[in-house]
Amino acid sequence: ATRAAAMVKETIRVYARVKPLGRRQQAGIYSVDDDEKPLSSLEIIVPRDLADGFINNKRESYKFKFQKIFDQEAKQDVVFDSIAKPVAECVLAGYNGTIFAYGQTGSGKTFTITGGAERYSDRGIIPRTLSYIFDQLQKDNSKVYTTHVSYLEIYNECGYDLLDPRHEASRLEDLPKVTIMEDPDQNIHLKNLSLQQATNEEEALNLLFLGDTNRMIAETPMNQASTRSHCIFTIHISSKEPGSATIRHSKLHLVDLAGSERVAKTGVGGHLLTEAKYINLSLHYLEQVIIALAEKNRSHIPYRNSMMTSVLRDSLGGNCMTTMIATLSIDKRNIDESISTCRFAQRVALIKNEAVLNEEIDPRLMIVQLQKEIQELKDELELVTGKQRTSELSQEELLQLDELIETFLKDNDPDSTLDVGADMRKIKYCFIHVKQLMNHSKISDKKLSQHISDEKDANKEAGEEELKKLKELLQQRDNEINILVNMLKKEKKKAQDALLQLNAASAGSKVLEQSLPVNFEESQNPSSCFSLKEAKDFSSSVHRLPFISRQTGGKMSLGCQEAFEVFKQEHADSITIEDNKQLLKQRFAEAKCLGEKLNEVRNKINHLKGEITQRHIQRAALAVSSPSEELNTLDPVEEKLRKQIEEEKKSYKTMFNRLKGLKVEIEHLQLLMEKVKMKLQKDFEVWWSEEAINLQQEKSEMISSPNTTTVYPQFIKSSQHLSTN
C-alpha cells in the first residue's frame, strides 16, 4: 500500500496557449470548446484556396484535444495556477517534475516560461514558481529544506553552464562546457554543471537574471529577439524531518525550447542557418523519442541521439511528472506550423510516466543510530552474563580454543563434543579453524595426487617420444641399407658383364655360371667408375649400419654419405668440378706470383724516390758551399731516376690491373663451383627419395612373392633383423 502511494502513474499533461495577434497579422480561423469535460478541444479551420480550384480534396477542419486551452486573453497568473502550481506542489512532496514549452519561433514560449520584462504582471512560470516554492518552504516548519539552482544552455549540441561563478563571459564560448556522463545504472550526470545554493527567493531570482543575460539571442525575420538555444532551469530541493534518517530529493526542470520552424521561412543564412539546422535536428530527435515512447512493444528508445533528450530522459517516460505547453501563433501565415505543433502535442499526450517518491536514508544519521543500538545490546549482554565483552578474543582464549579443537579432533569417541560455552565469538572461531584445517588437508592431498599424475604423464610422454624417434631412425636405416643393396646389385651386374666380355674367348660359359658369388677382390674392371674395392667397402658398411651413432643434427648419415660419393663419381658435373678446380688452382698460383712481383716493383719505386731525395739534399748542400750557375740547370741523374720511376709505375699499373682481373675470374670460378655443387646435392636428394619410394614398392612386391629373394640373402636378412628390432 505504501509503495502504491509512493508511485504516481499518469500520462504527460498537455496544454495549449494561443498568442495574441500582432498589428499586421491576419487572423486564422479557429474555435475553442471548453464544454467537453475533462478535456478541452481546439478546432483549426483551413479554407480551401481558390487558386487550387473548387474541386480539391484538401482537409478543411483539424480538431485537437488538450487538458486546457488558454486563449489570447489568458493572463500569466492564470497560466501559472493551472499548469505550474500542481507540478510545484508535487516537487515539494518529493516527486520530480518537468514543464516544457514547445512551438515555433515567435509563438510565446520564452514569454510563457521566463516572462516579459516590461511589467511585473508579465512574469513567467520560472519566477512565479520560485516565489511559490520559497513561500511554501517558509510556511512549513516541520522539515529542514535546502534549495539549489542550475541553469543549462544547449546551443548547437553543446552544453554550457550559465551560472558558473568563476567566469564573467562576454561570449558563450567562454563559458564552461557541460558534458554528459552515464553511470552503470544508466543515470545521467552532467559534468561541469554548477549547483548554486539559493536560501531565499531574492538569491534564486538573481541567479535566474545572471543566466538570462548569458543566453544566446539573435534576430530573425520571424522574431526580433528570438532565443536560439534550448535552456533548462532546474530547482533542486532536499527535505528532512528533524531526528529522521530519511531524506527526500526532488528536482523541477523548467525547459524553454528553441523555436521550431522551417529554415526556408526564417530567411536566414550562414551562422544563423547552422543554428537553425541544429535546432531542427535536436527537435527532430525529441520527436523520435516521443514517437518511440508512444509505440507499444518498442524495446529501444533513442535517448542518446541528442544532448537534450539525454538530459530529459527521466522527464520523458521516466520517474517524473511532466507537463507540456504547446504555444500557437494562429495567423494565416503560420497556420501550418500551428497544426504541426498540435500534432506533436497529441503524440506527447500518449506517453506514460511513473513518478516515484525520491526517498533515501541519510548514511551519517544511520551510522549514529546503529552505533547507539550496538552499545545498548552490549550493555544488555554484559548484564545477563556478568562478563564484559570485547569485540576480539584475547590471546589466552585463542590458545585455549586451539587446544580444545585439537583434543576434540584426536578423540576417536563418536559421542565426544566440543563445548566452548554460549559465546558466539568462540563458536565462530572454532568453525573457521576447523574449516582451515580441512581445506589445508584437501589442498595437500590434491597437490600430492596431482604431482604423482604429472610424473606418470611425463614419463609416459618421454617413453612414447623415445619410441617414436627409434622407429623413425630404424625406418631411415632400413631405407639406406636397401638403397645400398640395390646399388651393389647394379655394380655386381656391371662386373659380371665385364668378366663375360673378357673371358668369353678363353673360358666356357659353365665356369661363369658356377662362379655366381663373384670374388670381388680377384677381378677388376678398369672401365667401371665404381671399383670392386668400393663395393666391398659398401658391403662392410651395410653390416656396420645397426651400430652407426644416432643422427647428427642436419648432416647425412654414414650410408647416405657413401651413396653420395658414388653418385658424385657417376654424375656428369663431376668433370666440370674437377676442371674448375684445376683452373682455380692455376689462377691462384698466377695471382700469388703477380702479388710478389707487385711488391718488388713497389719497393723499387720507393728506393728510386729515396735516391732522388738524397740527390736533392746533396745539390742543396753544394749550392750553399759554392754557389754557381751550373746548379740552376737540370740534373741528368735526377731525370734518369724519374724516367725509371715512370716506367716502374707503368709496369706496376699493368700488373695491378691483371691482378684485379684475376681476382674477378677467381670469384666467378668459385661461384660456378658452388652452383654446380648445389645442383649435384639437389640431384642426389631427388635420386635418393626416388630410390626410397621404389624400394618401398619392391618390398611390398617381395612380401607378396617370396621367390624373388635369391641374390644376396645376407642383406635382406640384416634389413629384416633391423625391422623386427
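Predicted model: local features only at pLDDT ≥ 70, side-chain atom pairs only at ≥ 80, totals over all residues.
I will start with the annotation. In the unreviewed UniProt entry, a "binding site" feature covers Gly-103, Gln-104, Thr-105, Gly-106, Ser-107, Gly-108, Lys-109 and Thr-110. Take the first two names on that list. Gly-103 sits in the loop that runs between strand E7, residues 97–102, and helix H3, residues 109–113. Gln-104 belongs to the loop between E7 and H3 as well. Are these residues buried or exposed? Gly-103 has a relative accessibility of 1%, so it counts as buried. Gln-104 has a relative accessible area of 2%, and because the cut-off for buried is under 20%, Gln-104 is buried too.

Next, the second largest pocket. Its volume is about 590 Å³. The lining has 19 residues, and those closest to the centre of the pocket are Ile-188, His-189, Leu-190, Lys-251 and His-253. Which elements give two or more residues to this lining? They are strands E8 (144–155), E11 (188–191), E15 (230–240) and E16 (246–256), together with helix H8 (307–311). By residue class, the lining splits into 7 nonpolar, 8 polar and 4 charged.

Now the interior. In soluble globular proteins, nonpolar side chains tend to be buried together. In this model, the largest nonpolar core has 44 residues. Inside that core, the residues with the most contacts are Ile-44, Phe-66, Leu-257, Leu-286, Leu-316 and Met-324. Another core, of 39 residues, lies apart from it and includes Phe-70, Val-79, Ala-101 and Ile-235.

To return to Met-324, what does it contact beyond its neighbours within four places in sequence? One group is Ile-12, Arg-13, Val-14 and Tyr-15; the others are Phe-100, Tyr-102, Phe-344, Ala-345 and Val-348.

Last, Val-178. This residue is part of strand E10, residues 177–182. With a relative accessible area of 4%, Val-178 is buried. Setting aside residues up to four places away in sequence, Val-178 touches Leu-152, Gly-159, Tyr-160, Asp-161, Leu-190, Lys-191, Asn-192, Leu-193 and Met-307. One of these, Leu-190, was also named among the residues closest to the pocket centre.

Methods: Residues numbered from 1 in each chain as written. Heavy atoms only, no water. UniProt positions renumbered as here; feature names shortened; annotations may be inferred. Helix = DSSP H or I, 4+ residues; strand = E, 2+ residues; numbered from the N terminus. Buried < 20%, exposed > 50% of the residue type's maximum accessible area, 1.4 Å probe, protein only. 1 Å grid on protein atoms, 1.4 Å probe; cavity = no way out; pocket = protein on both sides within 12 Å on 5 of 7 lines; lining within 4 Å. Points joined across faces, edges and corners; volume = space filled by probe spheres on them. Nonpolar A, V, L, I, M, F, W, Y, C, P; charged D, E, K, R; others polar. Core = buried A, V, L, I, M, F, W, Y, C linked by side-chain atoms within 4.5 Å. Contact = heavy atoms within 4.5 Å.
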